[in-house]
Amino acid sequence: TMFMEAGAKYRQRAIIAANRTGKTLMGAYEMTLHLTGDYPHWWKGRRFPLPIEAWCASVNNQTTKDVMQKELVGKINDFGSGMIPKDLLRPNPTKKPGVADALETVYVKHVSGGWSEITFKSYEQGRDAFQGTKKQVIWLDEEPKDPSIYTECLTRTMDKFEPGMIYCTFTPLFGLSDVVLTFLDGGKFPQGGVSPSNPHKYVTNVTWDDVPHLSEEQKEEILASYSKHERAARSQGIPSLGSGAIYPFL
């Protein structure tokens, strides 16, 4: 997709999309490629020739486990049933203390012969938990309410010679938040994915109309169940003024 190809040029990317559009699957697929180094022949995005250190983070430990961990490595009692091939996963991953069936760190065999490392984190840990060493890839699934978590993650990708990358996959339920506005100048999706005021960031939008797996009947039923201020965000991935901070436009 264009979003993945944009990774070759832009270190900061976001899929700001409707619910149930497959944005998390896209995020998991790209992370799998970077961890394994096994890129398909058609891949035009960023490539990492050596093992990487990566983070995956979401709203809380439960969400990280139920969504990101499950998509990448499967359930704890069926380790290796996720997107990362089982034969590339090192057995006995590190478990997260105090969270049932949640993993802390997983090691993935890279095509170069070494081991990539991925750590599962959550926003509820706070900004301080995102300090530390350099990371090559950071994936944030759902938007952090605290914008300092995003900037702290971005800082972890800094390097003079081999800078890392950060990408987000989320539905904009907090309205025109600080994180959203860094991608959407004036709250609007830029033509071509890049705004002149934010030339280092790439963003794309996916709506219910862009995916084939939702029927019209389903969309009508579910949309009617949402409150009015949620509908644009949940069905089109468009931030609403009815939630979060309100920014006046004259």
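Where does Tyr-39 lie? Hold that thought for a moment, everyone, while I say what we are looking at.

This is a predicted model, so local features need pLDDT of at least 70 and side-chain atom pairs count only at pLDDT 80 or more, while totals for chains, interfaces and linings use all residues. Residues are numbered from 1 along each chain as its sequence is written, and side-chain values use heavy atoms, with hydrogens and water left out.

Back to the tyrosine. Tyr-39 sits in the loop between H2 and S2. On the labels: helices (H or I, at least four residues) and strands (E, at least two) are DSSP runs, numbered from the N terminus. Tyr-39 counts as buried because its relative accessibility is 11%; buried means under 20% relative accessible area, exposed over 50%, and partly exposed in between, with a 1.4 Å probe and protein chains only. Leaving aside residues up to four places away in sequence, Tyr-39 touches Leu-33, His-34, Arg-46, Arg-47 and Phe-48, where contact means heavy atoms within 4.5 Å. With His-34 there is also a side-chain polar contact of 2.9 Å. By polar contact I mean a pair of N or O atoms within 3.5 Å; within protein, one must be able to donate a hydrogen and the other to accept it, and residues adjacent in sequence count only if both atoms are side-chain atoms. Pro-49 is 10 residues from Tyr-39 along the chain, and their C-alpha atoms are separated by 10.0 Å.

Now the sheet. In what order do the 8 strands form the open sheet? The order is S3-S4-S5-S2-S6-S7-S1-S8, with mixed pairing. The edge strands, each pairing on one side only, are S3 (94-95) and S8 (201-206). Two strands pair here if DSSP finds at least two bridges between them. As a reminder, strands of a sheet pair through backbone hydrogen bonds, either parallel or antiparallel. S4 (residues 103-109) and S5 (residues 115-122) run antiparallel and are joined by 5 bridges; Thr-105 has Thr-119 in S5 as its bridge partner.

Let me zoom in on S7. S1 and S7 run parallel, joined by 5 bridges, and Ile-15 stands opposite Thr-169 of S7. S6 also pairs with S7 in the parallel sense, over 5 bridges, with Val-137 opposite Met-165. Is S7 enclosed or open? S7 is largely enclosed by the rest of the structure, because 6 of its 6 residues are buried. In a regular strand the side chains alternate between the two faces of the sheet. In S7, Met-165, Tyr-167 and Thr-169 are buried on one side, and Ile-166, Cys-168 and Phe-170 are buried on the other.

Helix H2 (residues 23-36) lies across S1, S2, S4, S5, S6, S7 and S8, and runs at about 155 degrees to S7. For that angle, axes are lines fitted to C-alpha atoms, for helices over the stretch in contact, and angles run from 0 to 180 degrees between N-to-C directions.

On to the rings. Rings of Phe, Tyr and Trp (its six-membered ring) pair if their centres lie within 6.5 Å; planes under 30 degrees apart count as stacked, over 60 as edge-to-face and the rest as tilted. The count by this rule comes to 8 aromatic pairs. One of them is the tilted pair of Trp-208 and Tyr-226, at 6.4 Å centre to centre with 40 degrees between the planes. That pair links distant parts of the chain, 18 residues apart: Trp-208 is in the loop between S8 and H6, and Tyr-226 in the loop between H6 and H7. Trp-208 is buried at 6% relative accessibility, and Tyr-226 is buried at 18%. Phe-3, Trp-139 and Tyr-167 form one aromatic cluster.

Arg-90 lies over the face of Tyr-107, at 4.5 Å from the ring centre, and over the face of Trp-115, at 4.6 Å. The rule is NZ of Lys or CZ of Arg within 6 Å of the ring centre and within 35 degrees of the ring normal.

Last stop, backbone angles. Most residues other than glycine have a negative phi. Arg-20, in the loop between S1 and H2, has a positive phi near 60 degrees and is exposed at 65% relative accessible area. Asn-92, in the loop between H3 and S3, has a positive phi near 55 degrees and counts as exposed at 73%.

Thanks, all!
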